[in-house]
Amino acid sequence: MTTGAGAGADRRAELTVRLSEIRAAIADACAAAQRDPFDVTMIAVTKTFPVDDAALLVDLGVGDLGENRDQDAKGKAAALAATAPGSLRWHFIGQLQTNKARSVARYATAVHSVDRNSLVDALADAVTRLGREPIQAFVQVNLDEAAGRGGARPDDVAALAERIAAAPGLELTGVMAVAPFGVDPRPAFDRLVTLSHSLQRDHPGATAVSAGMSGDFAQAIAAGATHLRIGSALLGPRAQVVG
Ligand SMILES: *Cc1c(COP(=O)(O)O)cnc(C)c1O
């Protein structure tokens, strides 16, 4: 018991330090970009980490948590629903199969990975059946044609956004992308923000730009990101997951 409690206290101390470091770095990047930190939401990506870590972060004041697999997310959401404040928001950020839409709709405030018509329809249907408040839908854009990552082609974004806007139970919130790996992320973030601006001509409420991870959130803030998805910088390195 002593070991467990000690480990918990150590982890709490570690997360406290990392969280304040990241909040400071976000504030610095906002100051450099002359942006209001209030306009930037940090989502703590807890994937692969235990629910205890998510609970600690919530206790430290984090209100937005991200997960990329329904299997893991639903358990954590259920565990924290009992203890965490009702204002806790779960962001689903991974590739999503249509047959998981119903499950995700039970706990997710937002889905950042809406990238095809069939998923729009499945999420809308799930929300309607559950009778819950609308899900915030981000159109995931594939900025570098990299295979396997998901995301709509930039040319398909307008039509997909139209379908989301017309769907019952979905609120078109904005766009999301993962920067191409191994190159300067800034041009990709700039393309995403340009896309966001053209989307806002038809959908003025769709102002959110979900971009920036542990390694590139400062560049994302400079480009105009409103939602950062931060995992390893906050929680430490992830164990390799198979599958
Ligand atoms: C894992 C993940 C993140 C967080 O990545 P880090 O580099 O650990 O911050 C952000 N976005 C998506 C889509 C992810 O899958």
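Me: Which polar backbone atom is 2.8 Å from an oxygen atom of the ligand?

Reply: A polar contact is a pair of N or O atoms within 3.5 Å. In this predicted model, the backbone atom belongs to Gly-231, at 2.8 Å from a ligand oxygen.

Me: Which side chains have a polar atom at 2.6 Å or 2.8 Å from a ligand oxygen?

Reply: Lys-47 places a polar side-chain atom 2.6 Å from an oxygen atom of the ligand. For Arg-238, an N or O atom in the side chain is 2.8 Å from a ligand oxygen.

Me: How much of the ligand's accessible area does the protein cover?

Reply: On its own, the ligand has 390 Å² of accessible area, and the protein covers 88% of that.

Me: Which residues are around the ligand, and how do they divide by class?

Reply: Among them are Lys-47, Ile-93, Met-176, Ser-214, Gly-231 and Arg-238. The shell divides into 5 nonpolar, 3 polar and 3 charged residues.

Me: What space does the ligand take?

Reply: The ligand takes the space of the largest pocket. That pocket has a volume of about 710 Å³. It is lined by 26 residues, and those closest to its centre are Lys-47, Arg-149, Val-178, Met-213 and Arg-229.

Me: How many residues of each class are in the lining of the largest pocket?

Reply: The lining has 10 nonpolar, 11 polar and 5 charged residues.

Notes: Residues numbered from 1 in each chain as written. Predicted model: local features only at pLDDT ≥ 70, side-chain atom pairs only at ≥ 80, totals over all residues. Heavy atoms only, no water. Near = heavy atom within 4 Å. Polar contact = N/O pair within 3.5 Å; in protein donor to acceptor, adjacent residues only side chain to side chain. Areas by Shrake-Rupley, 256 points an atom, 1.4 Å probe, with all protein chains shown as cover. 1 Å grid on protein atoms, 1.4 Å probe; cavity = no way out; pocket = protein on both sides within 12 Å on 5 of 7 lines; lining within 4 Å. Sits in = over half its atoms within 2 Å of the grid points. Nonpolar A, V, L, I, M, F, W, Y, C, P; charged D, E, K, R; others polar. Points joined across faces, edges and corners; volume = space filled by probe spheres on them.
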